[in-house]
Amino acid sequence: MAKNLVLYFSVYGTAKKTAEEIARQTGADLVEIEPVTPYDSDRSHYNALARLAKKEHSRKRGILVAPEDGFACSAQV
Ligand SMILES: Cc1cc2nc3c(=O)[nH]c(=O)nc-3n(C[C@H](O)[C@H](O)[C@H](O)COP(=O)(O)O)c2cc1C
């Protein structure tokens, strides 16, 4: 296993592409943080997603997980 980790969160794929490139260039492991309930990645639903995210953040409970083996965790956001 590599020593470095690129941990990323991406809804529409921009951060994903960047994270993949950084991991490729540095040889780091790559793990995606995912919401427990997947986010709607249809850009035309952005306002509804932003409202949902705001609500989740205000609840201060774990909503994000990195599901790879060895990285199972949840984050307080
Ligand atoms: C629910 C949600 C809320 C966001 N809120 C902000 C914000 O407050 N300010 C901001 O600059 N970008 C915000 N963004 C944009 C993200 O930071 C990012 O630029 C965008 O999702 C593109 O990255 P991605 O393709 O990897 O998802 C938000 C995106 C989502 C999905």
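**Chat about a predicted chain and its ligand**

Visitor: How does the protein chain score on pLDDT?
Guide: The average pLDDT of the protein chain is 81, and 74% of the residues score at least 70. This is a predicted model.

Visitor: Where is confidence lowest, and where is it highest?
Guide: Strand S5 (residues 74-76) is lowest, with a mean of 49, while H1 is highest, at 96. Where pLDDT is low, the coordinates should not be read in detail.

Visitor: How many helices and strands are there in the protein chain?
Guide: The protein chain has 2 helices and 5 strands. Along the sequence they follow the pattern β-α-β-β-α-β-β.

Visitor: On to the ligand. Which residues surround it?
Guide: Ser10, Val11, Tyr12, Gly13, Thr14, Ala15, Lys16, Leu49, Ala50 and Ala53 surround the ligand.

Visitor: What does that shell look like by class?
Guide: The shell around the ligand has 6 nonpolar, 3 polar and 1 charged residues.

Visitor: Which helices supply at least two residues of it?
Guide: Helix H1 (14-26) and helix H2 (46-59) each do.

Visitor: What is the end-to-end reach of H1?
Guide: H1 has 13 residues and reaches 19 Å from its first C-alpha to its last. At 1.5 Å a residue, 18 Å is expected, and the value is close to that.

Visitor: What follows H1?
Guide: Glycine 27 follows H1, and its phi is positive, near 75°.

Visitor: And H2, what span should it have?
Guide: H2 has 14 residues, so at 1.5 Å a residue it should span 20 Å. The end C-alpha atoms of H2 are 20 Å apart, which agrees.

Visitor: How many residues of H2 are buried?
Guide: The count is 0 among the 14 residues of H2, so this helix is hardly covered, given that a buried residue needs 20 or more other C-beta atoms within 10 Å of its own. For the protein chain, buried residues make up 0% of the 77 residues.

Visitor: Now the strands. In what sense do S1 and S2 pair?
Guide: S1 and strand S2 (residues 29-32) pair in the parallel sense, over 4 bridges. The chain goes from S1 through H1 to S2, and this β-α-β crossover is right-handed.

Visitor: Which residue in S2 is the bridge partner of leucine 5?
Guide: Aspartate 29 is the bridge partner of leucine 5. For tyrosine 8, the partner in S2 is glutamate 32.

Visitor: Where is leucine 7?
Guide: Leucine 7 is in strand S1, residues 5-8.

Visitor: Why does leucine 7 count as partly exposed?
Guide: Leucine 7 has 14 other C-beta atoms within 10 Å, and the partly exposed class lies between 12 or fewer for exposed and 20 or more for buried.

Visitor: What about leucine 30?
Guide: Leucine 30 lies in strand S2. Leucine 30 also counts as partly exposed, because it has 18 C-beta neighbours inside 10 Å.

Visitor: What separates the C-alpha atoms of leucine 30 and leucine 7?
Guide: They are separated by 6.1 Å, and the two leucines are 23 residues apart along the chain. Leucine 7 and isoleucine 33 are 26 residues apart in sequence, and their C-alpha atoms are 6.8 Å apart in space.

Methods:
Residues numbered from 1 in each chain as written. Predicted model: local features only at pLDDT ≥ 70, side-chain atom pairs only at ≥ 80, totals over all residues. Near = placed C-beta within 6 Å. Nonpolar A, V, L, I, M, F, W, Y, C, P; charged D, E, K, R; others polar. Expected span 1.5 Å × (residues − 1). pLDDT = per-residue confidence, 0-100. Pairing = 2+ DSSP bridges. Right-handed = clockwise from strand over helix to strand, strands pointing away.
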